[in-house]
Structure formats: structure tokens, C-alpha cells
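Open the model in your viewer and keep the selection tool at hand. The stops below say what to select and what is there.

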Amino acid sequence: MNIKMVDTVGQYQKIKTEVDAAIAGLLEKGFYIGGAAVKQFEQNLGKYVGAAHTIACANGTDALQVALMAIGCKPGDEVLTPSFTYIATVEVIALLQLVPVFVEVHVDTFNIDVADLQKKITAKTKAIIPVHLYGQSADMEAIMEVAQQHDLAVIEDAAQAIGADYTFSDGTKKKVGSIGHIGCTSFYPSKNLGAYGDGGAIFTNDAALAESIRMICNHGQKTRYYHDSIGVNSRLDAIQAAILDIKLTHLDEYNTARRWAASRYDAHFAQVLELVTPFCAANGRHVFHQYTLKVLAGREKRDALKAFLDSKNVPAMIYYPVPSHLQTAYTCYGYKEGNMPHTEELTAQVISLPMHTELTEEQIAYIAAHVIEGLQ
Ligand SMILES: *Cc1c(COP(=O)(O)O)cnc(C)c1O
């Protein structure tokens, strides 16, 4: 059976007519960068996420960097973020000469541990970047409370979780990306809302922040050739915007397909004591960017399972094998093995299985059977 980790081509086949026509329309008009297609997508995406302002940009990493620039961080300011994340979250902090302060995650949700977060706040702390890892919202109500108490900015890294909901204790439901002071997402092709190239977006409900984000993305200018701040060049192609605008109308359906696939995997693994299936917090709606199992026996057994799956052509990935605080590039911040036991344990246990919108019952059964065989 030919199984893919992510099946973007299978998904494309179903919307091909519409997508091809939209691309051809732009090419015939010579619209490449910015313009009406980008504006329309920003409006539709903002409405979907529930953010007053949406600024498209070149990728999710830029979105995070621009967000940190917009809140006025100065070199030496500390930014709290989980160590258990994709490196982009950490990289932008370091690039701006800010100090990443790593926070533990909960071993059940894989998301930032608010008790540990509170312990790490100092007079230099400026911002928190919670990551909605694998498609599940971090505990945003608790995070926003801590941020308010200490006057910190919250920048959501929603790169893996576009469309995920979070429900507050008063019953209010919001989409991730619209809860913090700024939200960031990525349209990397394999993300839940994937472009056919790079793309990203920044959300905020604050008009002043929106203005400064838009300016930073465009070389720090509001009026052409008059530069008020140091900016970057970060923009979304018109073609990507048109593709994303079409795919946005299918996003709920795509996320439902991912949730269905996750529930089928769960059923197959329900009796497998060596594995822990993804935990879904009651106050959220997980959109399964990844379906990530924990192999309780740890690294040796997990790596043997991965090797077995490789040998059978069943794709699987380790997201992420090394925590950020132990990456070679970040040793200058002085962390050592043992500093973050939960995070370190997770990097030895996790394995992510194929997850996309085109998985069939048959494929899931085949993958699950091989996983179970690989544990023997
Ligand atoms: C994908 C991703 C990013 C970066 O997005 P790019 O578009 O690849 O730059 C940032 N954070 C997380 C958690 C991601 O998964």
C-alpha cells in the first residue's frame, strides 16, 4: 500500500478545477504580489479566525519575528516559550537578540506548563509565545491571566493549529490565533491550511499593533520610500492567496477529516498498553496537525518501531527528536540535560503517524497493524 505522511496531491485533485482557474486568472492579469487576491484572503481568513486585523506575510517564521518586532522588544528582553516546539519559535527570539527562556510542557497535552511559566517570569520578561502544538490549543485562559498580571505580551504560535477552538470557563469559544495580543500562523504546504509554496499570517485585535505589523512587513514604510521603522520584506504571493482563499472554504471539512482519522487510530490503539494515544483537553477542539503517539518504553523501543515502519514503507516521523534547550545552536543559553525532564522524556517517546485529509479506513487499519506489529 502506498501511504504518504501528507497527501497534498490527493487533496489538490479534488479542487483542481477551481484552483487552476484562479491561478490562470492571475497569470493572465499579471498579478503576482499583493493586490486584490491577498486583500480578499486576509478578509476571509480574519473573519474565519475571529480577528479584527489580518496581515498576510511570507511564512510562519516571519510572522513570529514581525510579531516580536511589533511589540517593541529590546535586546536582552526575555521571551518565554516551550522548549518542546519546532525551532522557528525559538530562532526568531534569538535572531532579535532577545533571550529565549524555556518552559516545560505538560506530558499529556504537549503544551506549555503554566505553573512552570510563572516560575520563570523575571523583571526582564517581555512576552510569552505559547505554541498550540500538533493542533491543540494551549491553556490560553490561564496564560492570558498570567500575562495580564505581569503586563506581558502574548504571541500565539498557531502554525500547527489553524481552525482549532478554545473554550473559556465562561463558555466563550474562540479560535486560536485570535486570543493573544498577536497570533501567528503558517501556510507551509503540509500545515492544516497549506499553500502550494510558502505563506504565513499575523492576527491581532489591536488596531495600532496591526498598523505597525503591516508597516514592518513592508520595509517599515506606510508611504512608499518613507521608512519610519526598520522592517523586513515579508509578503504573500497573489497566487498563494488565491489558492488559500479556495482552501479556506474547505478548512473545517479538512479538520473534520483529520479528527476522524485520529479517532480511527485511537480505536485501533485503545487496547495497546505500550502506547498512549493523543490526549484531547475538554476545553478545546484539536485539529490534529499531527497524530502523535507516546511509546512508553522510551527511546530505544520508539526508535526500533520507527525503523520497523521504515522497513515496511509506512511513513512515520519524530517531531521532535531533540528539545530546543539542548540543540547545539542554543547551548549559549546555558541549559543542560536534566533541566526539563518532561520535555526530554517526550522527545524519547513521541512518534507521529501519517495524518492528512485523504486517509482511508483501510490505510489507517494497515498503518495501525504495522505499528502494533512493530512493538512486538
Ligand atoms: C511550521 C511552523 C512554524 C514556521 O512556519 P514556516 O511557514 O515554515 O516558516 C513555526 N512554528 C511552528 C510550531 C511550526 O510548526
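**Helix H7 and its neighbours**

This is a predicted model. Start by selecting helix H7: its buried residues pack against helix H6 (114-119), strand E4 (125-128), strand E5 (153-157) and strand E6 (165-167).

Next, select residues 140-150, the span of H7, and display the side chains of Met140, Ile143, Met144, Val146 and Ala147, which are its buried residues. An α-helix has 3.6 residues a turn, so residues three or four places apart point the same way.

Now turn to the face of H7 directed away from the buried side. Select Gln148 and Gln149 there; both are exposed.

Then step just past the end of H7 to Asp151, whose phi is positive, at about 55°.

**The ligand**

Select the ligand and the residues around it: there are 15, and the closest are Gly60, Thr61, Asp157, Ser186 and Lys191.

Which side chains place an N or O atom by an oxygen atom of the ligand?

- Ser186: a side-chain N or O atom is 2.7 Å from a ligand oxygen.
- Gln160: the corresponding separation from a ligand oxygen is 2.8 Å.
- Lys191: a polar side-chain atom is 3.2 Å from a ligand oxygen.

The ligand taken alone exposes 380 Å², and the protein buries 92% of that.

How values were computed: Residues are numbered from 1 along each chain as its sequence is written. This is a predicted model: local features need pLDDT of at least 70, side-chain atom pairs count only at pLDDT 80 or more; totals for chains, interfaces and linings use all residues. Side-chain values use heavy atoms; hydrogens and water are left out. Buried means under 20% relative accessible area, exposed over 50%, partly exposed in between (1.4 Å probe, protein chains only). Helices (H or I, at least four residues) and strands (E, at least two) are DSSP runs, numbered from the N terminus. Contact means heavy atoms within 4.5 Å. A residue is near a molecule or strand if one of its heavy atoms lies within 4 Å of it. A polar contact is a pair of N or O atoms within 3.5 Å; within protein, one must be able to donate a hydrogen and the other to accept it, and residues adjacent in sequence count only if both atoms are side-chain atoms. Accessible areas come from the Shrake-Rupley method with a 1.4 Å probe; for residues, only the protein chains shown count as cover.
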